[in-house]
Amino acid sequence: MASFIFRVLLTLVLSDLCYRVNGNANFKDVEEKLKQLNKPAVKTIQSEDGDIIDCVDIYKQPAFDHPALKNHVIQMKPSFDLKEEKMSSKNEPAELAVFQTWQRSGNCPEGTVPIRRIRREDLLRAKSVQQFGRKPHEVVLNSSTTIEHKDGQLPSIKTTAVALPIIVNRSAATLVTLGYNYIGAKGTFNIWNPNVEAQDEYTTAQIWLKAGPGDNFESIESGWTVNPQLYGDKRTRLFVHWTKDSYKTTGCFDMTCSGFVQTSSQHVLGGSIGPVSTEFGKQYYLRFGIYMDPNTANWWLKIGKDIPVGYWPASTLMFYLNHSSTMVEWGGQVYSSNVKKKPHTKTGMGSGKFATGLKGNACSMDNIAIVDFSMQLKYPQWVGTWADEQYCYTALNYQEGYGKLPIFYFGGPGQNYNCP
């Protein structure tokens, strides 16, 4: 009798799961989404961090689900070369030995790209199947705040006020430049693994290139993140993201929708990276650069020592960014429903320490530069720092001495005595 009752209950539970998953999606939707996201693999690699990496034919990657790319011919490498970019690698911090964990377990053959396999449990953590892989929509309050921009070459020579929107559920600490036409930007990012308190929260260290109106902007982004809801753990991971309507209905992380064409067989978008820096111990860095190809208008992502990872194709994504970016930001952000309120989230940004801790304590971005139509890397003429919650997360553009380029420090612990 007991076994009969158990079988009946089990049948009822399984039946319910077939129709409803996590209260938000039915079983059929989940299976169809998995089939859409995970392309046939030429080779599969089991990474020691638990990820499954599929080596997928380069022309069968998710980007080609986009109708505009039906007859797209992949641009295998950028058509431009920045001389200053090659020279700058000589000035990088010494400890640049960052790698992706999966690389210790194998490599993908020529003609394929490595893609992190999406599993059923990844979809079940999302608020819905439709929301999987996307940033929350930015809700802008009917007010704004201002930052003071300072001349990037000679401290405090020129200033101007810039209005930035106040956004719900987002707290940022950034270095900002705007007002010109930028076709590229880069920075060398300090790699850390900050605390993330809740599964539906995440933290990033990244670069944004934006254009368009403030309530409907276009943005392409890359950096590192700790995002347990998306990836299922609290490892530091490489990411890309894009949107063409300020995250309302378009865009996604990594390869979770059709929007980024990958060309590199060495990098996994969403893959974990390491080693990570330790407080007053060894510091690890990774260079990120995003550049518009002047001949194709594709926006290329380069990582490390000038290695092209892939591009956001001009034909599918943007209107304003088809010409240039008008705003670049470097820094970090925390997404949480518990920012700008009490009790504040304990999710950290950067190293989890305030910017005033400087090297070895705070997260840094070094060798910051933009590219304009002169096709030369240069420090921005105008820069300003901004922190949404200066008692929770801070930003500091620190210049060690006259004639030296500033190093940007940012971050914080979130909740603390002054940020209850």
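Predicted model: local features only at pLDDT ≥ 70, side-chain atom pairs only at ≥ 80, totals over all residues.

Student: How many residues of S9 are buried in total?
Tutor: 10 of the 10 residues in S9, which spans 202–211, are buried.

Student: Which strands does S9 pair with, and in what sense?
Tutor: For pairing, look at the bridges. S9 runs antiparallel to S18 (residues 325–335), with nine bridges joining them. S10 (residues 218–226) also pairs with S9 in the antiparallel sense, again over nine bridges.

Student: Where do I see that residue by residue?
Tutor: Pick a bridge partner on each side. Leu 209 is partnered by Val 328 in S18, while Gln 206 has Gly 223 as its partner in S10.

Student: Now the cysteines. How many disulfides are there?
Tutor: The test is the distance between the sulfur atoms, with a cut-off of 2.5 Å. The count comes to three disulfides. Counting bonded cysteines along the chain, their pattern is 1-2, 3-4, 5-6.

Student: What does the link of Cys 55 and Cys 108 look like?
Tutor: The sulfur atoms of Cys 55 and Cys 108 are 2.0 Å apart, and the link is left-handed, with -80° about the S-S bond. Cys 55 sits in S2 (residues 52–57) and Cys 108 in the loop between S3 and S4, so the pair ties together parts 53 residues apart in sequence. Cys 55 is buried at 0% relative accessible area, and Cys 108 counts as buried at 8%.

Student: Why is the disulfide of Cys 252 and Cys 257 called left-handed?
Tutor: Read the torsion about the S-S bond: here it is about -85°, so the disulfide is left-handed. The S to S distance is 2.0 Å. Cys 252 counts as buried at 1% relative accessibility, whereas Cys 257, at 22%, is partly exposed.

Student: And which hand does the link of Cys 392 and Cys 419 have?
Tutor: That link is right-handed, with 90° about the S-S bond. Cys 392 lies in the loop between S21 and S22, and Cys 419 in the segment after S23, 27 residues apart. Both Cys 392 and Cys 419 are buried.

Conventions: Residues numbered from 1 in each chain as written. Heavy atoms only, no water. Buried < 20%, exposed > 50% of the residue type's maximum accessible area, 1.4 Å probe, protein only. Helix = DSSP H or I, 4+ residues; strand = E, 2+ residues; numbered from the N terminus. Pairing = 2+ DSSP bridges.
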